[in-house]
Amino acid sequence: MPAPKKTARRSLLVTSAVLSSLALAAPAAVAAPKPSDSPSASASPSATPPASMSSVGGARLGRPGTQVNLASGVPVLPKDVSARSWIVADAESGDVLAAHNAHWRLAPASTLKMLFADTLLPKFPSDTKHKVVPADLAGIGAGSSMVGIKEEETYTVHDLWLGVFLRSGNDAVHVLSAMNGGVENTVQQMNEHAEELQALDTHVVSPDGYDAEGQVSSAYDLTLFARSGMQKKDFREYASTVRAKFPGQTKKGKKGKKVRESFEIQNTNRLLAGDADVPVYQGIAGVKNGNTTNAGATFTGVAERGGKVLLVTVMNPEKSEHNEVYKETARLLDWGFKAAGKVQPVGELVPPKGAAQAKPGANPSGEAGGSGDGGSGTAATGSKPVASATAADGSSGIGTALGITGGVLVLLAGGAFLVNRRWPLPDLVRRRTRP
């Protein structure tokens, strides 16, 4: 389903404030026990959540079952949500509007790639080139989703991140991990970053989210990863790209000359790209989906309407209908936009541990990859934001950025939390042509 040809323009002013450590004091972080190393740790979870879970973000979030403050004027939650765990939160204030088993530790599937990206994006400029060797692709799990990386071919970091975000390519994850000192080193850094974000339900074993013994996360933690990632300009751009061109394999042309053509890849996030039974969600701007045998379907999405930016994570719907995880996410987003401003929160998304040390105005572009030229998300192409780009038609490579029909996701620069706990999301991103 193509996106409309116009997106609304608007701006939002935020006054930066220097915060004291008291203003930033997060609720006491109560972690759930670390997962067992036994084979049962990766087995399918029981039909019911544990009686005791983490209380990071508020005591109610550690309780099993649905948590919501229904009152006069607050819409009733949708009844046809079958997910084992889900959460609806305000992306800027951090208020959790409603949740269901928010801290239940479940297999995350490829939604764990949000943590992978948030950890590694700052490490390599997007125009860095890397020639793939066989060792880079070693250890990829059977049946993994792949973007189509070939040995002995050279790719830019920009190419690799497109493969991670659009096609959920485990091959792209393994190449980037190899560039980062290997899978083991990358896993260690991901676990350290999860702890910094206070995502204490998470234990990473495989950087791509492939089913592994002891690998778990939660709807709460996945939402923290998305919220942190959206601070980075290139993360936002990759997560919001619908389709792009990806380098193919070098072959000999008609005259014996080597030729390397590209092929199109499309984002597997159905709320962003659409499908026969799932329309593009109004205001959607990413972020990541996943599906494995053990995890079932998982998804975290961010969308904006009427000045509100919501994050919804849905894990493992019990219904087996096609695209069920996206349908349930859409229902929860619809509820969240109706309930915002009316419902009292049941908890909050906590800030990172190091938030008290953040300096207002630091890295105002919100970019990663060591680039200060505003082009880290476009592989040093120097392309400028497109104010009203045409919809992607399957050949143009134009990606839908942070806004579809009726509103755009306004993201503001800033490196610190405001006094009222708002985490300012960085500057506005529009649709960009992807090479």
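Tutor: Gln-198 has a relative accessibility of 7% and therefore counts as buried, the cut-off being under 20%. The model is predicted, and the values that follow are computed from it. Gln-198 sits in the loop that runs between α4 (183-196) and α5 (219-229). Its phi is near 65°, which is positive although the residue is something other than glycine.

Ser-168 can be described in like terms. This residue is not a glycine, yet its phi is positive, at about 55°. Ser-168 belongs to the loop between α2 (157-167) and α3 (170-179). With a relative accessible area of 6%, Ser-168 is buried.

Two further backbone features involve glycines. The peptide bond from Gly-286 to Val-287 is cis, with omega near 10°. Val-287 is part of strand β8, which covers residues 284-292.

Helix α8 itself can be checked for length. It has 16 residues (324-339), and at 1.5 Å a residue these should span 22 Å; the end C-alpha atoms are 22 Å apart, so expectation and model agree. The helix is mostly covered, since 13 of its 16 residues are buried.

The structure holds seven aromatic pairs. One of them joins Phe-165 and Phe-235, with 5.2 Å from centre to centre and 85° between the planes, an edge-to-face arrangement. That label follows because the angle is over 60 degrees. Phe-165 is in helix α2 while Phe-235 is in helix α6 (residues 233-239), so this pair ties together parts that are 70 residues apart in sequence. Both partners are covered: Phe-165 counts as buried at 3% relative accessibility, and Phe-235 counts as buried at 0%.

Phe-165 also forms an aromatic pair with Tyr-238, with centres 5.7 Å apart and 25° between the planes, and this pair is stacked. Here the label rests on an angle under 30 degrees. The pair again links distant parts of the chain, Phe-165 in helix α2 and Tyr-238 in helix α6, 73 residues apart. Phe-165 and Tyr-238 are both buried.

Ring pairs connect Phe-116, Trp-161, Phe-165, Phe-235 and Tyr-238 into a cluster. A ring contact of another kind involves a charge: the charged end of Arg-260 sits over the ring of Tyr-155, at 4.7 Å from the ring centre.

Helix α1 (residues 113-120) packs with α2 at an angle of about 155°, and the two axes are 11 Å apart. That angle makes α1 roughly antiparallel to α2, because the class begins at angles over 145 degrees. The crossing in which α1 passes α2 is left-handed.

Taken around α2, the parts connect. The helix packs with α1, Phe-165 in α2 is paired with Phe-235 in α6, and the loop between α2 and α3 holds Ser-168.

Note on methods:
Residues are numbered from 1 along each chain as its sequence is written. This is a predicted model: local features need pLDDT of at least 70, side-chain atom pairs count only at pLDDT 80 or more; totals for chains, interfaces and linings use all residues. Side-chain values use heavy atoms; hydrogens and water are left out. Helices (H or I, at least four residues) and strands (E, at least two) are DSSP runs, numbered from the N terminus. Buried means under 20% relative accessible area, exposed over 50%, partly exposed in between (1.4 Å probe, protein chains only). The expected span of a helix is 1.5 Å times one less than its number of residues. Rings of Phe, Tyr and Trp (its six-membered ring) pair if their centres lie within 6.5 Å; planes under 30 degrees apart count as stacked, over 60 as edge-to-face and the rest as tilted. A charge sits over a ring if NZ of Lys or CZ of Arg is within 6 Å of the ring centre and within 35 degrees of the ring normal. Axes are lines fitted to C-alpha atoms, for helices over the stretch in contact, and angles run from 0 to 180 degrees between N-to-C directions. Angles under 35 degrees count as roughly parallel, over 145 as roughly antiparallel, 65 to 115 as roughly perpendicular and the rest as oblique. A crossing is left-handed if the near helix is turned anticlockwise from the far one by less than a right angle, and right-handed if clockwise.
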